[in-house]
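Student: I have a structure to read and I am new to it. Could you take me through its features one by one?

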Amino acid sequence: MKEKNIYQKSGVVVGALVVLIFMFIVFLSFSTEKESEINDENVLKVLDTGKSDCIIIKTEGLVIINDTADDDDYNMISEELDSMGIKKIDYIICSHLDKDHIGSAAMLIENYEIGQLIIPNYETDSKQFADMLDAAKRKNITVQRVTKDSKISCKSGSILISAPQKQEYENENNYSLILDVELGGKKILLMGDALKERTQEFLDTYGVKKYDVIKLPHHGDYYKILKEVLNEAEPELVIFTVQSEDFLEKKMYEVLEELDINYKCTCDGNIEIKLK
């Protein structure tokens with residue numbers, strides 16, 4: 001009888017182990033499936049970093065960050081990258097070198113695998129700029145200083161990087177790299193902080209085509225040429241990177257209402273554009 005009890009107990013243990021192993025396999029399968037769903041997500045996200053810019057583009061295995069906000073935004077950016085399953089960033093593209101656009105670049109370079117750092121071809125005297133270049137040097141990251149237009153291509157489309165045409169500008173915002181994004185059937189214009197002169201350069205070179213979404217420059221400021229851009233481009237949505245809607249100039253509101261264009265502000269939370 002004792003021997004029979006031992007066999008019975010052994011059978012129970014073996015059965016329990018089989019059930020546990022089966023449950024573990026199911027769990028791994030589910031986890032892998034969920035991770036795959038995250039990693040295959042095609043999306044452009046404009047993050048809520050206040051009066052600064054950080055845009056994450058993820059498509060077809062390619063990850064690009066356009067601007068890295070302020071240096072105190074790193075934790076938030078990192079949490080967003082982690083939630084998207086991103087461990088490698090193929091390109092960090094800094095539209096220009098103001099601290100609210102390059103602030104977290106050094107920390108991203110230190111903590112993630114980076115393919116290439118792309119910046120406009122000028123210098124600025126700031127701790128954030130020095131830290132960014134030092135980090136790139138320590139990690140042996142290629143720094144491409146853009147002097148002419150170039151293009152990044154992938155399976156789902158391309159990103160045109162429009163370079164400033166002059167060697168010197170009175171206002172550093174006019175060094176902004178403008179990104180013309182065509183991915184997953186979406187046409188998106190990311191204007192950095194381009195002011196009137198730089199915007200006019202872009203229009204003179206490429207004209208104005210239709211866009212689904214435009215991230216307007218310089219945190220809600222209005223200047224006359226933007227009305228021309230919006231009128232011709234007929235976007236479904238414009239985006240402002242602001243810490244409050246109070247930063248939008250009254251004339252900007254009037255133009256959006258006149259042209260019947262919807263808008264969103266990052267102060268209301270991250271803005272997500274699906275790239276199908």
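What follows is a conversation about how to read this model.

Tutor: This is a predicted model, in which local features need pLDDT of at least 70, side-chain atom pairs count only at pLDDT 80 or more, and totals for chains, interfaces and linings use all residues. Residues are numbered from 1 along each chain as its sequence is written, and side-chain values use heavy atoms, with hydrogens and water left out.

Student: How many helices and strands make up the secondary structure of the protein?

Tutor: Helices (H or I, at least four residues) and strands (E, at least two) are DSSP runs, numbered from the N terminus. Here there are eight helices and 14 strands.

Student: What share of the residues is buried?

Tutor: Buried means under 20% relative accessible area, exposed means over 50%, and partly exposed lies in between (1.4 Å probe, protein chains only). Of the 276 residues in this protein, 48% are buried.

Student: How do I read the sheets?

Tutor: Start with pairing: two strands pair if DSSP finds at least two bridges between them.

Student: Which way do S1 and S14 pair?

Tutor: S1 (residues 43–46) and S14 pair in the antiparallel sense, over four bridges. Leu44 stands opposite Ile273 in S14.

Student: What is the order of the strands in the other open sheet?

Tutor: That sheet of seven strands runs S7-S8-S9-S10-S11-S12-S13, again with mixed pairing. S7 (150–154) and S13 are at the edges, each with a single partner strand, so one side of each is left without a neighbour in the sheet. S7 pairs with S8 (residues 157–162) in the antiparallel sense over five bridges. Ser150 has Ile161 in S8 as its bridge partner.

Student: In which sense do S12 and S13 pair?

Tutor: S12 (residues 237–240) and S13 (residues 262–265) pair in the parallel sense over four bridges. The chain goes from S12 through helix H8 (residues 250–259) to S13, and this β-α-β crossover is right-handed. To call a crossover right-handed, point the strands away from you: the path from the first strand over the helix to the second then runs clockwise. Within the pair, Ile239 stands opposite Lys264 in S13.

Student: How do I find the buried side of a helix?

Tutor: An α-helix has 3.6 residues a turn, so residues three or four places apart point the same way. Take helix H2 (residues 74–83): Tyr74, Ile77, Ser78, Glu80 and Leu81 are buried. Seen down the axis of H2, they fall within an arc of 160 degrees, so they line one face of the helix. That arc is taken over the directions from the helix axis to the C-beta atoms. The face turned away from the buried side carries the exposed residues Asn75 and Glu79.

Student: What covers the buried residues of H2?

Tutor: The cover includes S1, S2, S3, S4 and helix H4 (105–111). Contact here means heavy atoms within 4.5 Å.

Student: Which residues of H7 are buried?

Tutor: In H7 (residues 224–233) they are Ile225, Leu226, Val229, Leu230 and Ala233. They cover an arc of only 140 degrees around the axis, which puts them on the same side of H7. These residues pack against helix H6 (196–206), strand S11 (213–215), S12 and H8. After H7 comes Glu234, with a positive phi near 50 degrees.

Student: Where is His219 found, and is it buried or exposed?

Tutor: His219 is in the loop between S11 and H7. His219 is buried, with a relative accessible area of 3%. Its phi is near 55 degrees, a positive value in a residue other than glycine.

Student: What about Glu60: where does it lie?

Tutor: Glu60 lies in the loop between S2 and S3. Glu60 has a positive phi of about 50 degrees although it is not a glycine. At 42% relative accessibility, Glu60 counts as partly exposed.

Student: And which residues does Ser162 touch?

Tutor: Leaving out residues up to four places away in sequence, Ser162 touches Asp149, Ser176, Leu177, Ile178, Arg198, Phe202 and Tyr206. Ser162 sits in strand S8. At 2% relative accessibility, Ser162 counts as buried.
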